[in-house]
Amino acid sequence: MLALHYVKVSIRQLLKHKSQTCISILGIVAGLFCFSVCSYYNRVMRFGDKAFSTYERLAEIKEKGVPYQLNIQGSDIDKIGPESFEAVAFWRNMKDNLFLDETNYCRVGITLCNPDYFNVFPTHCVEGSLESFVMQGNKIVVTTEFVKKYLANKSPLGTSLTYGKGKAYEIAAVIEPYPVGMRDFIDIYEVFLPLENLQEYCSHTLLLKNSDDAAHLTKRLQQGNFFRTDRAKIVPEVTLASEEGAQYGMDFWVAVIGLFILLAGMINFFSFSFGSFVNRYREFNLRFTLGEKKRGLFVMLLIEQSLMISMAGLLTLALIEGLLPYLFSISPSDIRDQLTIDNESLVRYAIQYTVWLLIIAVILITCSIWYIRRQIRAWGLRQKVMVGHKHLMQNVLLVVQLFFSFLFIMATVAVQLQVKENDRQANPRLSMDEKKNIMVLNVRSTPPLQDEMQVFLGYLRSRPWCYKLGYIGCDWVIYSSFTEINLVSDDYFDVMNIEKKHRAGESFCYVNEALMKTVENDSLSNAKFHYKDGNQDVYYPVTGTIAMKSESMSASQLCLLPFSDDMKIEKIFVRLAENASRSQVLADMKKEMSKYLPVNEPFQYVSLYDEQVGGGLRVLSGLFMICSLICAIIAALGIYGVIYIDTSRRQKEVAIRKINGARLTAIYWLFGKKYLWIYSISSLISVIGCLFIFILGNRYRIIQFDYTNPFLWIIPLVLVAGVVLFTVSWKIYRIAQLNPADIIKSE
């Protein structure tokens, strides 16, 4: 009965303060959801290989002091002491086309590997046998997910598939999918084909007989000369997977972002909780006077906190099961491939974090009871010291919440400015609206479309929404001079607003400013660009310069050369008419492209702007924008909760001041000066902290943002100030409009 009494008291207390209860729960939900999703990727990338029974014996051959594998060929394995290892896996991962029959094909994750791959990375064989998988054979292995998606869950053994240059392969076995995060890959690979040649470069993993053999094998490698390299001396080292140091990549920083969101939600929740405990000092004092034990008070407060945290946990699980799949479904296909997620694991992690929050709540309750008990003994029913400490705690926590808001808004603005800078450098002759009105079709990996290319181009030109059309052929980088070469059609210049300095049908060679400097400095070229077409050296006189940036990250120099009819078109650029309906374009293209696209891959509109910005920056920008919004909401809820308590507690003071002639501005200043100080302190800390992060990031090339841009600082300061001003002023205005007589009467 006593437990039931505590439950009733707890529920009554939560319902009495509905606003604070809702704000606390929403803050925890936001933080728990973001941290669960973000930390999931960190866990996946950190622990993917630990699922294998062979994990403790997995090793790689690397150069000492360098975190990358050495280029070792399969023919050299027998020379380095095969008695030290059981097997060695060679593999190469890629996204490619696999033909299910003559007309249907799918784009899947493919792993080219040797037979030892399945010994090094053991998995359960569901159907068939892995023994028939041999080098240069025609047997392949698929996962159960592949069978489910493309073969209607029917037994696939003996089914023939075509890959590459028309070679037919027969499915010999079906295995369970490998864990996400295996070998630090988020992508899921569904088809395993035999390697044709171990002389080619590919990744490798050794399966040692004993983990202690790593040191012996390292010594043997350092004594011999087993690696073909132009460098004078390299020092090889065998590194165990279990002993590799943590590589803090993007997955780690995503987890840190999630942790910041969770901290913001926890601070909001525990700030309200501590304030609620202190406000109830009279109730607690009476309970102690009537013989209540600390244990009973602990149970009552624990039930209150557990109810809120449990409700937050349930709402988080509902979001994971309902909202997350929807968000993935509306994301572009390239982003979905990079954000593969296992809902079952994510739910498990969310439950774990909820339990940890309950443990933290137990600690908070224990400390709060000790503090309240100590203050009651010292001050009796007086609350001056307790309330003062409570306000100090709330003010400090508000500063931290505003700091997180400022941090994420700063990151969002920085990414957006970087996006604009990348867009400007890519092609300054086109405005953002013009780039968004140019549709880009990547047809490089669409074999059926290549056979019908002229028919398809005729279809595009016949559409009323097609204003201009251009295309490019093979684009690649000459790594010796770091130059990207685009072979373009003559009408490509019209689509891109590039001024033509040649007549139709004439040969041309346009270079960007970086390449022009190289050409001018080359005394042998005589202002001509040297281009090696197969085995033939061709010299193009430079027709003009273009203000464009290379798409390749490894090339700063760009050259446009004429497209020839014997080349394959790889990208088509369609400039839409000004009055073109985007929905009509999508409908027409989906219907037409369904004839050529892989199975289960619908057509998605990609603009020139989206392509130039890049998927990575778009994902990062969206992530920071969501985090900024969540942090701003949490901060606004926290400020609202505090200003609600302040205004409610000081209603009589406001009434007396109004009776004595106080104006609205005086009442605003009465409450607002506190939040002005809080905003000023948090802004100062945020500016110093962000400046340190940007300088450090630029120095170590973690992030590359122009922190000298004044908008990078002005916009976040204004936005955070707007959040504070709107939240505070709205509540102050409400209390200032109350009738003083009603306030005094109710008091």
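Tutor: The pLDDT is the predictor's confidence in each residue, from 0 to 100. This is a predicted model.

Student: What does the protein chain average in pLDDT?

Tutor: The average over the protein chain is 78, and 78% of the residues score at least 70.

Student: Which elements have the lowest and the highest mean pLDDT?

Tutor: Helix α9, residues 333-338, has the lowest mean, 59. Strand β19, residues 571-576, has the highest, 94.

Student: And where is the pLDDT below 50?

Tutor: Residues 381-388 have a pLDDT below 50. In the model, this stretch makes 14 contacts beyond near neighbours in sequence. Where pLDDT is low, the predicted coordinates should not be read in detail.

Student: Let us turn to helix α5. Which of its residues are buried?

Tutor: In α5, which spans residues 213-223, the buried residues are Asp-213, Ala-214, Leu-217, Thr-218 and Leu-221. These residues lie on the same side of α5 because they cover an arc of only 135 degrees around the axis.

Student: What do the buried residues of α5 pack against?

Tutor: They pack against four strands: β1 (58-63), β2 (85-99), β9 (203-208) and β10 (236-240).

Student: Which residues are exposed on the other side of α5?

Tutor: Ala-215, Lys-219 and Gln-223 are exposed there.

Student: Now helix α14. Which residues are buried in that one?

Tutor: Within α14, residues 453-462, the buried residues are Met-453, Phe-456, Leu-457, Tyr-459 and Leu-460. Their arc around the axis is only 155 degrees, so they are on the same side of α14.

Student: What does the face turned away from the buried side of α14 carry?

Tutor: That face of α14 carries Gln-454, Val-455 and Ser-462, which are exposed.

Definitions and conventions. Residues are numbered from 1 along each chain as its sequence is written. This is a predicted model: local features need pLDDT of at least 70, side-chain atom pairs count only at pLDDT 80 or more; totals for chains, interfaces and linings use all residues. Side-chain values use heavy atoms; hydrogens and water are left out. Helices (H or I, at least four residues) and strands (E, at least two) are DSSP runs, numbered from the N terminus. Contact means heavy atoms within 4.5 Å. Buried means under 20% relative accessible area, exposed over 50%, partly exposed in between (1.4 Å probe, protein chains only). The arc is that of the directions from the helix axis to the C-beta atoms.
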